[in-house]
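Here are my notes for you, written as a set of numbered points. Have the model open while you read, and click on each residue as it comes up.

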Amino acid sequence: MTKLTNTLQSHEITYHSPERLSQAQKTWLVNEFMTINTAIYDGDKAHSTWEQMIDVDAMARFFIIQEVLDNSDGFHGSFYLHKDWIDDARWVAGPLWDLSCNMRQKTDFTFKMKTSYGFTPHWIGELVEDEDFWVAVREAWKEFYPLKVQSWMEYIDEHLMPCYDAYELEKIRWNYTNTATLDQKIDRLKSSLMANIEWFNLHIPASNISPIDLNKEIVKIEYVNMAGMRSSTPWGGVNIKVTTYSDGSSASSKVIGSN
């Protein structure tokens, strides 16, 4: 493990390939990430140079996946980067690994969650302050939302429903106390993902708007159905989602809940 440090932040980078580095390779890797680190933490976001070293589109897509899954590990520890061995190649976020969905009520950007790790600084907290990053996020999001949402839900059914026998054996092997069936687990997963998708869509900053106001926290989210009934979780069918912030402001959007 190589620990990379500059005057602003400290990050631990574990190299994967090759298994053993020569001194020249280690020197190159340390210098490479020191340069990237300095560029990302540059306070002048309007003239930042990190895009010259990191694939912006790939990082935006990685960010979307972690936020929609509500995966708190995504930018803290389970974060691979790779780089092609060609001239002018940039570092690419991925491949994905160790993915999980917290299946909770999402009330903030997942990357801001506290973790149990010994280190918490990560690049995404700086990247979200750069409008160039949000441009890439908005472009990638338009490819997915709303056109591909339903096909994603169908993909989950197609690949998880055949795992019924394996799931029952897993419960026995690990002495699960939760008696939920696979159908119930899949429904809960899909409901959580749908809620996360709608939350993320509502909270993507519009162009030329400050990306994330860290002083403006969400204090309450309610879902109102067509009968005017309120709940902390979506009703089946059409909902009006009302988000209340710490400064007293609120925002509303239409959300379709699972039946």
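The points below go from the whole chain down to single residues.

1. Ground rules. This is a predicted model, so to speak of local features we need pLDDT of at least 70, side-chain atom pairs count only at pLDDT 80 or more, and totals for chains, interfaces and linings use all residues. Residues are numbered from 1 along each chain as its sequence is written, and side-chain values use heavy atoms, with hydrogens and water left out.

2. The overall picture. Of the 259 residues, 39% are buried, where buried means under 20% relative accessible area, exposed over 50%, and partly exposed in between (1.4 Å probe, protein chains only). The accessible surface comes to about 15,300 Å², with 53% belonging to carbon and sulfur atoms (Shrake-Rupley method, 1.4 Å probe; for residues, only the protein chains shown count as cover).

3. Contacts along the chain. Take the contacts (heavy atoms within 4.5 Å) between residues at least 6 apart in sequence: 61% of them join residues at least 24 apart.

4. The core. Which residues touch the most other members of the largest nonpolar core? They are M59, F63, W123, F133, W141, I197 and F200, out of 53 residues in that core. A nonpolar core here is a set of buried Ala, Val, Leu, Ile, Met, Phe, Trp, Tyr and Cys residues joined through side-chain atoms within 4.5 Å. Among the elements giving it two or more residues are helix 1, helix 2 (56–69), helix 7 (182–203) and strand 5 (218–224). In soluble globular proteins, nonpolar side chains tend to be buried together.

5. Helix 4. This helix (131–144) also gives two or more residues to the core. Its buried residues are F133, W134, A136, V137, R138, A140, W141 and F144, and what covers them includes helix 2, helix 3, helix 5 and helix 7.

6. Rings. The whole structure has 19 aromatic pairs. Rings of Phe, Tyr and Trp (its six-membered ring) pair if their centres lie within 6.5 Å; planes under 30 degrees apart count as stacked, over 60 as edge-to-face and the rest as tilted. Look at F33 and W123, which are stacked at 6.1 Å centre to centre, with 15 degrees between the planes. F33 sits in helix 1 (23–40) and W123 in the loop between strand 4 (92–93) and helix 3 (124–127), 90 residues apart. Both F33 and W123 are buried.

7. Is K45 buried or exposed? K45 is buried, because its relative accessible area is 16%. K45 lies in the loop between helix 1 and helix 2, and leaving aside neighbours within four places in sequence, K45 is in contact with I40, E126, E129 and D130. D157, in helix 5, is partly exposed at 27%. Not counting residues up to four places away, D157 touches P162, I186 and K190.

How values were computed. Helix = DSSP H or I, 4+ residues; strand = E, 2+ residues; numbered from the N terminus.
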